[in-house]
Amino acid sequence: MLPGVYRAVRKDGTVYFRSSITFRGKHISLGSFPTEQEASDAYRQADTLLCRTDLTLDFCPSDGSSPLPFSKWVVLINFRDNNMYIKTPIYLKKNFFLYYFSKDDFLTFDIDDLFYFSTRTISRRGGHLFVADYGMQINILSRYGIKNYAIEGRDFRFVNGDHRDFRYSNIEIINRYHGVSKKEGNGRPYFETKIHWNGNYIVGRYQTETEAAVAYNKAASVLNTKGYKKNYPVNYIEELSAGQYREIYKNTVISQRLNELRPRL
């Protein structure tokens, strides 16, 4: 067999070829290939990438002619340059790292997130970014306290305008709670609460975000109690104790019209 190539047989009897390489004591699988020559080409390319420090990710051809996929280029070059083997397509920088989908398509993360994303593959679906976590598809925005219903520009924003930059300093959460929006009037900020009932109905306007979030919960409870059944989400305010929450709930005023609704039979 050619160097770095191993013959293998599938359960149905089909012969294929595996390729691997050892670098700095680490055995690295390069993948499976239909022919011995293709597996050998992958091995030779991996050997070249690991030995030649002048070769960067920019040298990976974009026409699909590379024996190795771009993701494997990232893994090998990162290991060569940073002496850290990571299975996912991550390249380490000082205090941050890049997670690559392709040569010109990548996300930026703080180094604090390295362990999480080095063990999870990021997928795209419907414009959202997900990882598989304990058998569930988790939107990566949730790591930053951003809710699934949040809208960029209204509920959160990327400070430098780059929506691919997920460093904590670049993410500003504007509205943390469902139904709550930060507004400004007469030069002063306030928080407006809306709930979906006969359209988006204004529950009230409040001085603090916490009051506004509790007001949404109170309005949802009133509507459900009166028979206007809907699966309204609950705002969880983690910084409040149970006693503090009850006190704010009791004292928070919501639209009188909601309180005066007749029960739905």
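Q: Which residue stands opposite Ser 20 in β3?
A: Ser 29 does. This is a predicted model, where local features need pLDDT of at least 70, side-chain atom pairs count only at pLDDT 80 or more, and totals for chains, interfaces and linings use all residues. Residues are numbered from 1 along each chain as its sequence is written, and side-chain values use heavy atoms, with hydrogens and water left out.

Q: Where is Ser 20 found?
A: In strand β2. Strands are DSSP runs of E with at least two residues, helices are runs of H or I with at least four, and both are numbered from the N terminus.

Q: How many bridges pair β2 with β3?
A: Seven, in the antiparallel sense. β2 covers residues 15-23. Two strands pair if DSSP finds at least two bridges between them.

Q: What is the strand order in that sheet?
A: β1-β2-β3, an open sheet of three strands with antiparallel pairing. The edge strands are β1 (5-9) and β3 (26-33), each pairing on one side only. From one strand to the next, the twist averages 30 degrees.

Q: Back to Ser 20. Buried or exposed?
A: Ser 20 is buried because its relative accessibility is 7%. The cut-offs are under 20% relative accessible area for buried, over 50% for exposed and partly exposed in between, with a 1.4 Å probe and protein chains only.

Q: What else is Ser 20 in contact with?
A: Leaving aside neighbours within four places in sequence, its contacts include Gly 4, Tyr 6, Leu 30 and Tyr 43. Contact means heavy atoms within 4.5 Å.

Q: Which strands does α1 lie across?
A: β1, β2 and β3. Helix α1 spans residues 36-51 and runs at about 15 degrees to β2. Helix α2 (residues 70-82) also packs on the sheet, touching β2 and β3, and its direction makes about 165 degrees with that of β3. Axes are lines fitted to C-alpha atoms, for helices over the stretch in contact, and angles run from 0 to 180 degrees between N-to-C directions.

Q: New topic. Where is Thr 88?
A: In the loop between α2 and β4 (90-92). Thr 88 is buried, with a relative accessible area of 5%.

Q: Which backbone oxygen lies 3.0 Å from a polar side-chain atom of Thr 88?
A: The one of Phe 117. Not counting residues up to four places away in sequence, Thr 88 touches Val 75, Tyr 99, Phe 117, Ser 118, Arg 120 and Thr 121.

Q: Now the other sheet. What order do β12, β13 and β14 take?
A: β12-β13-β14, an open sheet with antiparallel pairing. β12 (180-185) and β14 stand at the edges with a single partner strand each, so one side of each has no neighbour in the sheet. Neighbouring strands are turned by 35 degrees against each other on average, direction ignored.

Q: How many bridges join β13 to β14?
A: Six. β13 is residues 188-196 and β14 is residues 200-206. His 196 stands opposite Asn 200 in β14. The hairpin has three residues between the strands, and Asn 198 takes a positive phi near 55 degrees.

Q: And what about β12 with β13?
A: They pair over six bridges, antiparallel. Pro 189 in β13 is the bridge partner of Glu 184. α4 packs on this sheet, touching β12, β13 and β14, and its direction makes about 20 degrees with that of β13.

Q: At what angle do α4 and α5 cross?
A: Roughly 70 degrees, with the axes coming within 9 Å. That makes α4 roughly perpendicular to α5 (angles of 65 to 115 degrees count as such; under 35 is roughly parallel, over 145 roughly antiparallel, the rest oblique). α4 is residues 209-225 and α5 is residues 242-251.

Definitions and conventions:
Polar contact = N/O pair within 3.5 Å; in protein donor to acceptor, adjacent residues only side chain to side chain.
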